[in-house]
Amino acid sequence: MRLLQGSISARFKVIYGLFFLLIISSTVWLSYLSSKGSLEEQLRNTNIALLNLTQQKIEMMLREIDTNTINFIQEPEVVFFLNGRYLNDELRFNHFRVLNDRFKTLMFANSNISSFYLYSMESKSLLTGTMFSDEADFYDMKWKDAFMSMKGYQQWLDTRKIAEINTGLLLEKNVITLVRSFPLIGMPQFRKGAIIVNIEESTISNLIQDVDKQRVGQTLVMNEQGIIISSQNKEQLFQHVSSIKWAPSLSELSGSGYVTHNTDNGSYTTFYLTSAYNGWKYVSIIPNPEMNRPLEIIRNLLLAVAVGMFVLAIVIVFAVSNYTFRPLERFFRSFTEKKLGQAGDLTYMEKFFKQVISDNESLQKQMHESLPALKWRLIMSLLMGDKTNYNRMKPYFDTLGIELSPVHFVVMTIELDRIQDIASSRDVYLFTYAISNVAEELVDGVCKGVSVELTDGRVAVIMSFEEDDGQGNQIQALQVADLVKDYVEGHFKQTVTIGIGRPHLYLDGIHASYQEALSALKYKLIMGDNTVISIDDIAGNNLNDKYYRISGMSDAVVNFIQETDKVKVGLQVEKIFDEIIASNVPPEMIRQMCIQLIMKSIKVISDKGMEVKEFLDPKENIYNRIESCVSVDDIKSYIAAFLQQLIVHTEEKRSSRGTNDTIKQVQEYLEQHYMDSDLSLNLLASQFGLSVPYLSKLFKETTETNFMDSLIQIRMEKSKELLMDPKRKVNTIAESVGYNSTHSYIRIFKKYTGQTPGEFRENHKKGAEDKK
């Protein structure tokens, strides 16, 4: 109190010194508290992003392996093995040699595959790249129970130990196994076999380690039951997550998010994600002291700033007091007759108060300018499902001027058509801003709502209704969408496509309705621009029927390509896309079927001995090209042009080949010695002094068929001539054309002609009698 009894200058120094101390300390503390929450959120988001990156890298590898497996299982030789339909041992061994090359190709194409094998339910046998074995003698059958009980088409099994045979050695490994059934899409009772692919657990743990180098803590992968599948600490494999002292319980790890918990070993934060692909859980456990270290640095920095500001404030207070309160002291001295020191000036006080007023106006302006950004962030939180409690959000709605009812929500998304045709990105931004404002005004005429610009060219609108009438609310949303579409077309001379989700009751349904609206918007590919698409307009779930029907039509295209018939290919492509549009096939399936059609077409050309890389532009990515198409007509035009160009290159390649004297001699040799039962590609290679692979490749490139098919064709045509004589017996004819087994001959003849030898002879006899 004595300090306050001195001169005005002394009082000013004390009072304002305490005032600045309070203000600075309060400001720094509040700044720390306000920034602490956002920094903690950023730290959590960073760790979730890193965990997301781990999940994406692992699942990208798993999906790539699954895709390679799908392509591999469609190979004709694989289908033959899985169906167990070999006509003779010679054909079996030829197929096994081809399959061995296919195994090596797949292993070379994807280095993450440790091993894989084919399982035929028909023959109860398995085939690997190095061995053929009966089921009872095979070294690894632990996957079979999961395969037999598998309800879907594929399943990733948890980490398991196997004793794998590799280059003659028995090696024990921890592997994760993919089991995919054959046929690819079929009911369990119709399965014929499976392909089993093993990848080493260390492959996944290495991917985890690559990401974990960027942070502290431990990341692991576990299944839905909490059993650890992959971890840097191999002792944790096959253990339950509860065996880790600092890990939370499994019940706390449902869905995705994070949980903070205290243990005897310290405080930890656990981040977790649940994969929609295979149900695995990705868990990252981080000690809180390590995670919060940036917060400690910021806190110490703020304390240092506070001390510096306080010292500076004291210096300013002393300086100001010397030049501000001297005139006041002289003024009081004139009344009190007390002596004062040097004269001063009050102009500093005037400038100070003007600056305070200016700062206040600047703060209000800044607050006003930040309202749109705060509004955008709040609406995005509703769309993403982050904010779901209406009562808690109501004060924020009122502050930002957002009017929403507590219940009954519908979301629609508006997308500007043909953005690439608009002159500049600024024009796209202005159109998007205008569409958002127009949509919000039109919604206000029907119900309560708010709109937000998602990206350039896309707007989301949240509509809320007071009436408890889901169907009526949906109809009103459709009417508003039509008004928006017509307004944009009439006033902006642009078109928009609008997707509308289903009505949902509470605030947490906004996210679901938003996702439904985005799904409906994807059907713009089929329904075209300038349309309103409701989620209820999307087709049902009979996707398998559509897939098989259109896939069958695609097979006809492949046959016409094989025949190089451009006209029939063009007509069949038109039929396929007419069926796609009529069946309302989902956009994702359209792109998938088109890519599959291209792959089948390329394969049939490749099977004819032609180098596909000569036809394809290495700079063009077929997947990206199809993804970039904005309508079904664009996709159809690209597919038709690609197939026509494929036929043109095929015809040019065929015309440039000419004839090959060696293959001509080989064909003459076949015509003369087709009746030899031991005739084989090895014998021909020895006869003409060539290697077996070179002769096989040369034969296929010149004749567009392989040796075995050509030999079967010659034998079958010769046997048809011999069957014309009714006195010849079938077993004698079989021996005459090179078959020691009559049963094998009959099976091959029926496969080649569709009739048994007896049926062929009888039908020929009837035809001859009818001509008479």
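Leu711 lies in helix 23, where helices (H or I, at least four residues) and strands (E, at least two) are DSSP runs numbered from the N terminus. The structure is a predicted model, in which local features need pLDDT of at least 70 and side-chain atom pairs count only at pLDDT 80 or more, while totals for chains, interfaces and linings use all residues. Residues are numbered from 1 along each chain as its sequence is written, and side-chain values use heavy atoms, with hydrogens and water left out.

With a relative accessible area of 1%, Leu711 is buried; the term buried means under 20% relative accessible area, exposed means over 50%, and partly exposed covers the range in between (1.4 Å probe, protein chains only). The C-alpha atom of Leu711 is separated by 7.0 Å from that of Tyr674, a residue 37 positions away along the chain. Helix 23 itself spans residues 707-723 and has 17 residues. From first C-alpha to last, helix 23 reaches 24 Å, close to the 24 Å expected at 1.5 Å a residue; the expected span is 1.5 Å times one less than the number of residues. Buried residues of helix 23 include Phe707, Met708, Ile712, Arg715 and Leu723.

Nonpolar cores were then examined, a core being a set of buried Ala, Val, Leu, Ile, Met, Phe, Trp, Tyr and Cys residues joined through side-chain atoms within 4.5 Å. The largest nonpolar core holds 38 residues, of which Leu118, Trp156 and Trp280 touch the most other members. Helix 1 (residues 8-73) supplies the largest share of this core, with seven residues. A second, separate core of 34 residues includes Met553, Val557, Phe560 and Ile626. In soluble globular proteins, nonpolar side chains tend to be buried together.

Grid points are joined across faces, edges and corners, and a volume is the space filled by probe spheres set on the points. The count comes to one cavity of 30 Å³ or more. About 40 Å³ of space lies in the largest cavity, and its lining consists of Ile550, Ser554, Ile576, Phe577, Ile580, Met593, Cys594 and Leu597. Helix 15 (543-562), helix 16 (566-583) and helix 17 (587-606) each give two or more residues to this lining. By class, the lining of the largest cavity has seven nonpolar residues, one polar and no charged residues; Ala, Val, Leu, Ile, Met, Phe, Trp, Tyr, Cys and Pro count as nonpolar, Asp, Glu, Lys and Arg as charged, and the others, Gly among them, as polar.

The second largest pocket has a volume of about 830 Å³. It is lined by 17 residues, and those closest to its centre are Glu41, Arg377, Ser381, Asp386 and Lys387. Helix 1, helix 9 (347-383) and helix 10 (390-400) each supply at least two residues of the lining, the largest share, six residues, coming from helix 9. Eight nonpolar, four polar and five charged residues make up the lining of this pocket.

Rings of Phe, Tyr and Trp (its six-membered ring) pair if their centres lie within 6.5 Å, with planes under 30 degrees apart counted as stacked, over 60 as edge-to-face and the rest as tilted. By this rule there are 18 aromatic pairs. The pair of Phe138 and Tyr139 is tilted, with ring centres 4.5 Å apart and planes at 35 degrees. Phe138 is buried at 8% relative accessibility, whereas Tyr139 is partly exposed at 25%. Tyr638 and Phe642 also form a tilted pair, with centres 6.2 Å apart and planes at 45 degrees. Both lie in helix 19 (residues 632-657), four residues apart, about one turn of the helix. An aromatic cluster is formed by Tyr739, Tyr745, Phe749 and Phe760.

Backbone geometry was also considered. Phe182 and Pro183 are joined by a cis peptide bond, with omega about 0 degrees, and Pro183 is placed in the loop between strand 5 (169-182) and strand 6 (193-200). His408 is not a glycine, yet has a positive phi of about 65 degrees. The residue His408 is found in the loop between helix 10 and strand 12 (409-416) and counts as buried at 9% relative accessibility.

How values were computed:
On a 1 Å grid over the protein atoms alone, a cavity is a set of points where a 1.4 Å probe fits but cannot get out, and a pocket is an open set with protein on both sides within 12 Å along at least five of seven lines; lining residues have an atom within 4 Å of a point.
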